[in-house]
Structure formats: structure tokens, C-alpha cells
Amino acid sequence: MNSGSQQKLQRQIQAGEERGFACLYEHHGRDVLGILLRLTNGNRTEAEDLTQETFLAAFRGRQSFSGRVPLRAWLVGIAARRWRDSRRRLQPKTTTLIEEPVVEVAPETETTITNRTVLASALAELSEDHQTAVLLVLAQGLTYREAAEILKIPIGTLKWRVSEAAKRLRTLLSEEED
């Protein structure tokens, strides 16, 4: 999306135009859902609920969007705060078992699934703050500045969290290999 389109979309959003929000969701809905899926450890129902809450909060807070950060970063920040708030409201963690049909998987896909499972387990071992930092910077590709603004923390703190999380992940993943 070029800067002219971005500005037009920003005006539509701030004016509360339905078309602007439809376009916003079309362009950024998958990114928001993707990060929320990672933050919720793959819980699709929770991620979809949080995605809906994110876009509702964006609509309600549309006047506060100043354009200092890209729309995507603004939405990811809202999503991260919604996820963090949902963690505070949680009762003790429970896991819902979902029966999935048995599917024959090619050998390279089995490896990919195993790698994703191992990585998800390692990410779950990190603190909430470290998970969020890693997912915003490494998984979503935000700059340190954008991620720090989203999390409302100093950039140095964010860099430290990402560095510490990366060290911890390397340790956890190397233990898994052994």
C-alpha cells in the first residue's frame, strides 16, 4: 500500500467510514490473527475473539490514531494489549483437546510440524514479556522502535528482552536436540 493510499485509509478510519475499516481488515486482519495465534499458543477460538476485539477497539479508538506508526503496527499494538489483558482475566489454564482427523503427512511436513511444535513449546517457556517482544520483532518483523512504542517500553528494554529471549530459546532448543 503506497503512502497516498495509507493517508486516504487513515482519513477514512478516523472518519469512521465502514469502507475504511473493511479495507483495514482486508489488509491487516491476517497479520493480527497470526500474531494472536502465536500469542495464544495456537488457540484459534481465542485468537479469533481477540482479533475481533482488536478491530472493535481500533474502531472505538480511531480518533487517537495519529499516523506516527504504520497502521499495521498500531493494530498489532492493540492486539498485544488485548492479549495481555485477557491473560490477566484468565482462570487457571486449561487445555481443550481437539480431535483432528488422521491425515497422511509427507516426511518433510512431519519435520516441519515437529519443528513448529518444539518451537511453540520453547516459546511457552518464556515469560509473557519475552514472548511478546520476540513475536513482535522476530515473527512479525516490526522494528525495535515500532515494537517499543506498541509495548510502551524503552527501546533498550525491548532489545534486552529480545536478546534474553533469543538466548533462552537457543538453550531450550539445543536441549531438545540432545
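Which residues of helix 6 are buried? They are His130, Gln131, Thr132, Ala133, Val134, Leu135, Leu136 and Val137, where buried means under 20% relative accessible area, exposed over 50% and partly exposed in between (1.4 Å probe, protein chains only). Helices here are DSSP runs of H or I with at least four residues, numbered from the N terminus. Just after helix 6, glycine 141 takes a positive phi of about 75 degrees.

A word on the model. It is a predicted one, so local features need pLDDT of at least 70 and side-chain atom pairs count only at pLDDT 80 or more, while totals for chains, interfaces and linings use all residues. Residues are numbered from 1 along each chain as its sequence is written, and side-chain values use heavy atoms, with hydrogens and water left out. The chain comes out at an average pLDDT of 81, with 83% of the residues scoring at least 70; pLDDT is the predictor's confidence in each residue, from 0 to 100.

A pocket is an open set of points on a 1 Å grid over the protein atoms alone, where a 1.4 Å probe fits, with protein on both sides within 12 Å along at least five of seven lines; lining residues have an atom within 4 Å of a point. Of the 19 lining residues of the second largest pocket, Arg38, Arg116, Leu119, Ala120 and Leu123 are the closest to its centre. Helix 2 (18-39), helix 5, helix 6 (128-139) and helix 8 (155-177) each put in at least two residues. By type, the lining splits into 12 nonpolar, 5 polar and 2 charged, with Ala, Val, Leu, Ile, Met, Phe, Trp, Tyr, Cys and Pro counted as nonpolar, Asp, Glu, Lys and Arg as charged, and the others, Gly among them, as polar.

Helix 2 is bent by about 55 degrees at histidine 28, the bend being the angle between axes fitted to the seven residues ending there and the seven starting there. His28 is itself one of the buried residues of helix 2, which also include Phe21, Leu24, Val32 and Leu36. Just after this helix, asparagine 41 has a positive phi of about 55 degrees.

Salt bridges (a side-chain nitrogen of Lys or Arg within 4 Å of a carboxyl oxygen of Asp or Glu) number 6 in the whole structure. One of them pairs arginine 72 with aspartate 31, at 3.0 Å between the closest N and O atoms. This pair ties helix 4 (residues 71-89) to helix 2, across 41 residues. Both partners are partly exposed, arginine 72 at 21% and aspartate 31 at 28%.

Aspartate 129 and arginine 161 also pair up, at 3.7 Å, linking helix 6 to helix 8 over 32 residues. Here aspartate 129 is partly exposed at 37%, whereas arginine 161 is buried at 16%.

Within helix 3, arginine 44 meets glutamate 48 at 3.1 Å, N to O; the two sit 4 residues apart, about one turn of the helix. Arginine 60, also in helix 3, is exposed at 64%.
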